[in-house]
Amino acid sequence: MALDKNQIAQRIAKEVQNGQYINLGIGIPTLVANYIPDELEVVLQSENGLLGIGPFPTEDQIDADLINAGKQTVTMVKGSALFSSAESFAMIRGEHVHLTILGAMEVSENGDIANWKIPGKMVKGMGGAMDLVASAENIIVAMQHCSKDGASKLLPQCELPITGIRCVKKIVTDLAVLEIDPNGGFRLLERAPGVSVEEIKAATAGKLIIEGEVPEMTF
Amino acid sequence: MINKVVASADEAIQDIQDNAVLMLGGFGLSGIPENGIQALLRKGVKGLTCISNNAGVDNFGIGLMLKTRQVKKMISSYVGENAEFERQLLSGELEVELIPQGTLAERIRAGGAGIPAFFTPAGYGTEVAEGKEVREFNGKMYLMEHWLKADFALVKAWKGDTAGNLIFKGTARNFSPMMAAAGKITIAEVEELVPAGELDPNAIHTPGIYVQRIFQGKDYEKRIEQRTVRQK
């Protein structure tokens with residue numbers, strides 16, 4: 001069975017390590033926060049100027065002056081800090097943020113990512129994504145393996161305008177966990193429960209590297 | 001202390017002319033200069049270049065000035081959530097320059113700090129890099145980006161004093177401190193205006209030197225874009 005969005009987030013949460021400062025993108029990445037084990041001490045960064053994102057507010061805690069990068073109302077955990085956008089991106093560019101988790105429309109086998117523009121159709125802008133992918137030491141992408149019409153989004157080369165080059169380290173899709181090989185190619189690390197290697201091969205347009213038995217994911 | 005107080009938003013923006021370059025603080029709808037935007041709508045100035053991270057939504061923030069066709073060009077990092085914006089952009093009525101968010105923040109900071117250009121890795125290898133100087137430092141590639149300045153910067157703060165010192169609240173600070181410094185004339189609107197001396201100097205985010213005009217704002221709507229709650 002292919003994973004749903006929450007299961008993708010749950011699997012990515014296993015990559016989180018104690019003591020990390022983490023930036024979560026909009027969409028599935030935001031859901032990762034729900035699955036980070038309580039025993040891990042991590043700090044979530046919001047690029048609009050907050051370190052220490054807490055849970056969504058209850059109705060009586062809502063504050064229009066406290067939102068995350070997706071413009072959702074949030075709360076702050078104890079020990080939070082607030083700052084300007086320039087300071088926020090100094091943290092990002094200066095490689096003080098350890099892990100960036102973001103969504104993608106396409107990833108190429110050398111680690112390029114496209115997620116900001118579909119020419120002639122959708123122009124929303126890159127927001128902070130270009131700054132994040134250019135500087136983060138570890139980038140994990142959360143995405144669907146294929147588009148709604150079945151076309152692979154894991155490609156030899158991105159077809160859409162790219163957000164950053166040679167930056168993605170790991171990808172968690174509804175079908176698999178893969179890492180980008182330094183010499184190019186998607187190295188298959190894990191399969192979604194009940195999904196065969198053949199299915200993943202069929203769904204991957206870029207070079208797929210398979211070595212030995214590929215285990216099923218555990219959560 | 002120099003007194004920067006003006007009576008109203010209309011007085012504060014009265015010398016903004018057609019084709020002016022403006023910076024407007026805010027991230028999404030958080031921390032936007034609501035009163036200043038209303039005054040610009042009343043004045044009806046046209047041909048504006050607006051530097052702002054976002055372009056508001058269809059019926060609030062800068063989105064209101066798009067509807068009235070007062071904006072010639074937007075310089076932003078993210079412009080989703082605005083159907084009228086997307087329509088004007090795809091039809092070519094509106095000029096748009098999209099800039100990575102960190103680069104936008106730093107270009108504005110550089111403008112206020114007297115740094116004409118700097119190097120950043122953001123956008124290297126993408127269409128953002130087209131026409132820009134590329135340099136290698138320690139084996140990594142960087143783009144040269146230039147400072148941004150504006151004729152007027154419109155920012156909104158939580159508290160301010162008559163000397164123009166500002167304190168922001170929560171994530172409503174975002175781009176405003178850098179914009180305050182990068183505007184030739186900076187107009188600050190505040191939720192609470194107090195006499196000089198009443199704000200703790202240790203707590204000031206934007207020193208009054210960057211602010212030319214300040215006024216007591218009113219009727220803040222503080223609209224929330226994505227009201228997200230959990231049950232108790």
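These legends describe close-up views of a predicted model.

**View 1. Chain A meets chain B.**
The contact draws 51 residues from chain A and 51 residues from chain B. Together the two chains bury about 4,200 Å², and 58% of that lies on carbon and sulfur atoms. On the side of chain A, the residues that lose the most area to chain B are A:Asp65, A:Lys71 and A:Lys124. These three account for 18% of what that side buries.

Side chains of opposite charge can pair when their charged atoms come close. Six salt bridges cross between chain A and chain B. One salt bridge joins A:Lys117 to B:Glu127, with 2.7 Å from N to O. In chain A, α3 (85–93), β9 (122–123) and α4 (129–135) each give at least two residues to the side that touches chain B. That side of chain A has 22 nonpolar, 17 polar and twelve charged residues.

The largest nonpolar core holds 49 residues. Which residues have the most contacts inside it? They are A:Val107, A:Val141 and A:Ile171. Beyond its neighbours within four places in sequence, A:Val107 is in contact with residues including A:Met143, A:Leu154, A:Cys158, A:Ile180 and A:Phe186. A second, separate core has 36 residues, among them B:Ile37, B:Val79, B:Leu94 and B:Ala129.

**View 2. Helix α1 of chain A.**
This helix spans residues 5–13. Its buried residues are A:Ile8, A:Ala9, A:Arg11, A:Ile12 and A:Ala13. An α-helix has 3.6 residues a turn, so residues three or four places apart point the same way. Among the elements of chain A that cover the buried residues of α1(A) are α2 (28–32), β5 (99–103), β10 (138–142) and β14 (186–191). At the start of α1(A), a side-chain oxygen of A:Asp4 comes within 3.1 Å of the backbone nitrogen of A:Asn6.

**View 3. A:Arg166 in its loop.**
Look for A:Arg166 in the loop between β11 (154–155) and β12 (170–172) of chain A. Is A:Arg166 buried or exposed? Its relative accessible area is 58%, over the 50% cut-off, so A:Arg166 counts as exposed. Leaving out residues up to four places away in sequence, A:Arg166 touches A:Asn110, A:Gly111 and A:Asp112. A:Pro182 lies 16 residues from A:Arg166 along the chain, with 9.1 Å between their C-alpha atoms.

**View 4. Salt bridges in chain B.**
The whole structure holds 29 salt bridges. In one of them, B:Arg69 pairs with B:Glu93, with their closest N and O atoms 2.6 Å apart. The partners sit 24 residues apart: B:Arg69 is in the loop between α3 (62–67) and β3 (71–76), and B:Glu93 is in the loop between α4 (83–90) and β4 (95–98). B:Arg69 is partly exposed at 45%, and B:Glu93 is partly exposed at 35%.

Another salt bridge joins B:Glu95 and B:Lys73, with closest N and O atoms 3.9 Å apart. B:Glu95 is in strand β4 of chain B and B:Lys73 is in strand β3, 22 residues apart. B:Glu95 is partly exposed at 44% relative accessibility. B:Lys73 is at 18%, under the 20% cut-off, so B:Lys73 counts as buried.

Methods. Residues numbered from 1 in each chain as written. Chains lettered and ligands numbered in written order. Predicted model: local features only at pLDDT ≥ 70, side-chain atom pairs only at ≥ 80, totals over all residues. Heavy atoms only, no water. Contact = heavy atoms within 4.5 Å. Buried area = accessible area lost by both parts, 1.4 Å probe. Salt bridge = Lys/Arg side-chain N within 4 Å of Asp/Glu carboxyl O. Helix = DSSP H or I, 4+ residues; strand = E, 2+ residues; numbered from the N terminus. Nonpolar A, V, L, I, M, F, W, Y, C, P; charged D, E, K, R; others polar. Core = buried A, V, L, I, M, F, W, Y, C linked by side-chain atoms within 4.5 Å. Buried < 20%, exposed > 50% of the residue type's maximum accessible area, 1.4 Å probe, protein only. Polar contact = N/O pair within 3.5 Å; in protein donor to acceptor, adjacent residues only side chain to side chain.
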